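Biologist: Could you take me closely through one part of this chain and its packing, and then outward to what surrounds it?

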Amino acid sequence: MEATVVLGQSEKGESETGLLSAKKDFSPRIALALSAGGAKGLAHIGVIQVLEENGIPIHAIAGSSMGAYVGAVWAFGHNGAAMEKFARDVEGKWAWVRLLDPFPVPRCGLLRGEKTRRRLMQAIGDATFSDLPFPLRVVATNLRTLEQKAFCEGEVALAVQASTAIPGVCAPVRVGGELYFDGGVVDPLPVADAREMGADVVIAVNVIPTSSYMRNRGDFEREQSEMRTQQFGLGARLVRRAIDALKQENLFDVMHRTMLGAQMRLAEQSCRHADLVLRPLSLEARWHDFHRPAKYIALGRRVAEEHLTDIKELIRRRTYEPSASHHTLAVAA
């Protein structure tokens, strides 16, 4: 397993229309930027749990794709323990199958994505952004212009459905007359949006791998494949290798890796503007492992616990006494 933390060099951005009100005490306002990453994004829950357990307040979340999904459940008011329970409702090898809603004849995607939205609504209902007790931004991509859209008004579950609509897999989602899809295409780690919400400290949780991770992952998979086939005869080894190759070279894997190549670079650019970056990475992680939530939640917890000292020191350094010149940020955009 790989877990790293990076201290950023960015200065606090000032937004004229932020989403956080100025604090009366001396504590900095903390926002999380939660990355895309499919099932790997369940690690975000573990990070949130550790922050809560150590009395470190979270004031806002900006999320993309899976990060938006986790952020929406948190912003509605569910704590880390409740979020884990919700995630583990689909634990088990085939439990996630009931979330699939394929088109009889695929046209703009294999899945409708409606079951994903209804699943989220079990936790947040038909809440709008203005109903949420905590500020949230959900990043999606405009299909027509390919521009980034950061949703902060309207129905939350619909915005999250759009943010999680993987190209080619899920159909784009119509919101306000426009079609939107996966936010991970334009901004897989929305640090800038978290900053614009009026945060003094932005902690980025990035489950998107780096190039070095991908190289190590390739070596690891080859070693695992060889270990599995050594116990078989020649014929069985050839069959086993063919199966392993099929797992890595199928249509969905190629599509995923194509998008991942762009996401890796975009995410690393965003990391440079965060105050702290946590990377819950594992060589055994799979973007579609939704049936093993406990594994990723535990990974997020581990990374956060390992870097609690860094987090507390960052907050201590950013603690300040507001001056008369420090402007008040609006509670709502």
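Modeller: In helix 1, the buried residues are Ala-43, His-44, Ile-45, Gly-46, Val-47, Ile-48, Gln-49, Val-50 and Leu-51, where buried means under 20% relative accessible area, exposed over 50% and partly exposed in between, with a 1.4 Å probe and protein chains only. Helix 1 is thus mostly covered, with nine of its 11 residues buried. Helices (H or I, at least four residues) and strands (E, at least two) are DSSP runs numbered from the N terminus. This is a predicted model, in which local features need pLDDT of at least 70 and side-chain atom pairs count only at pLDDT 80 or more, while totals for chains, interfaces and linings use all residues. Residues are numbered from 1 along each chain as its sequence is written, and side-chain values use heavy atoms, with hydrogens and water left out.

One partner of helix 1 (residues 43-53) is helix 3 (residues 80-87): their axes come within 8 Å and cross at roughly 155°, the axes being lines fitted to C-alpha atoms over the stretch in contact, with angles from 0 to 180 degrees between N-to-C directions. Helix 1 is therefore roughly antiparallel to helix 3, since angles over 145 degrees count as roughly antiparallel, under 35 as roughly parallel, 65 to 115 as roughly perpendicular and the rest as oblique. The crossing of helix 1 past helix 3 is left-handed, that is, the near helix is turned anticlockwise from the far one by less than a right angle, clockwise being right-handed. From helix 1, Ile-45, Ile-48, Gln-49 and Glu-52 meet Gly-80, Ala-81, Met-83, Glu-84 and Ala-87 of helix 3, contact meaning heavy atoms within 4.5 Å. Just beyond the end of helix 1, Gly-55 adopts a positive phi of about 65°.

Ser-65 lies in the loop between strand 3 (60-64) and helix 2 (66-75), and its phi is near 55°, a positive value in a residue other than glycine. Most residues other than glycine have a negative phi. Ser-65 is buried, with a relative accessible area of 8%. Leu-146, in the loop between strand 4 (136-142) and strand 5, has a positive phi as well, near 60°, but Leu-146 is exposed, with a relative accessible area of 54%.

Elsewhere, Ala-274 lies in the loop between helix 9 (251-271) and strand 9 (276-281), and at 0% relative accessibility Ala-274 counts as buried. Its C-alpha is 6.2 Å from that of Ile-203, although Ala-274 and Ile-203 are 71 residues apart in sequence.
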